[in-house]
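Me: I have a structure open on my screen and would like to learn how to read it. Could you walk me through it, feature by feature?

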Amino acid sequence: MKRTVERGFTLVEIMIVVAIIALLAAIAIPNVLRGRATANETAAIGNVRALISSLEMYRSVYQAYPTTAASWDVSMYNPQPPFGPPSFDNLLMDGGATSLVQGFQYLFTPVGATPVQSYAVRAVPNTGNSGTRIFFGNDSGQVFHCSGLTTTTTTPPLGMATINTVPAACP
């Protein structure tokens, strides 16, 4: 009597494979999201540094920084050649919804009377997946950061952590 061999997988084997795939996904997905947030924060640091350089180029030509937060994008991109970094071209940089670049909103705050001799640039994450730190830059050329998703501070407070140190909580 010949026995026929049926080929295929049993239900138990398929359930084990599905369980292994679900376990691997549960481990991998949080790491991918954390990597995305880290990449966005690294890009924000680079963008703040690029904006600091652009504002210093603007100041070297006009002996002052842009005068208002509402018009700094016009000041940076209307001259030919433009001063601002290419990734920010054609964006409303006054804190509007269209100023998002890689999950961060960039805001400019002139400090002092006209002619403006100081400023602060702020990069605020749009959501929790974009990052967990807020970045500041100013005319000192340094980049500061603090942890938290909201802040009312427009300029980096005294004693705020530089990018090379552990961040404190945002004021």
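Reply: Gladly! Let's begin with a term: a residue is buried when its relative accessible area is under 20%, exposed when over 50%, and partly exposed in between, using a 1.4 Å probe and protein chains only. Here, Glu41 and Arg133 are both buried. The model is predicted, so local features need pLDDT of at least 70 and side-chain atom pairs pLDDT 80 or more, while totals for chains, interfaces and linings use all residues. Residues are numbered from 1 along each chain as its sequence is written, and side-chain values use heavy atoms, leaving out hydrogens and water.

Me: What does Glu41 form with Arg133?

Reply: A salt bridge means a side-chain nitrogen of Lys or Arg within 4 Å of a carboxyl oxygen of Asp or Glu. Glu41 and Arg133 make one, with their closest N and O atoms 3.1 Å apart. Because Glu41 lies in helix α1 and Arg133 in strand β4, the pair ties together parts that are 92 residues apart in sequence. A search of the whole structure finds 1 salt bridge.

Me: How many helices and strands are there in the protein chain?

Reply: Helices (H or I, at least four residues) and strands (E, at least two) are DSSP runs, numbered from the N terminus. This protein chain has 2 helices and 6 strands, and along the sequence they follow the pattern α-α-β-β-β-β-β-β.

Me: What is the order of the strands in the open sheet?

Reply: In general, strands of a sheet pair through backbone hydrogen bonds, either parallel or antiparallel. Two strands count as paired if DSSP finds at least two bridges between them. The order in this open sheet of 6 strands is β1-β2-β3-β4-β5-β6, with mixed pairing. β1 (100–101) and β6 (168–169) stand at the edges with a single partner strand each, so one side of each has no neighbour in the sheet. Strands β3 (residues 118–125) and β4 (residues 133–138) pair in the antiparallel sense over 4 bridges.

Me: Which residue in β4 is the bridge partner of Arg122?

Reply: That is Phe136. Helix α1 (residues 11–62) packs on the sheet and touches β1, β2 (104–111), β3, β4 and β5 (143–147), where contact means heavy atoms within 4.5 Å.

Me: And Tyr77, is that residue buried or exposed?

Reply: Tyr77 lies in helix α2 (residues 72–77), and its relative accessibility is 14%, so Tyr77 counts as buried. Across the protein chain, buried residues make up 36% of the 171 residues.

Definitions and conventions
Axes are lines fitted to C-alpha atoms, for helices over the stretch in contact, and angles run from 0 to 180 degrees between N-to-C directions.
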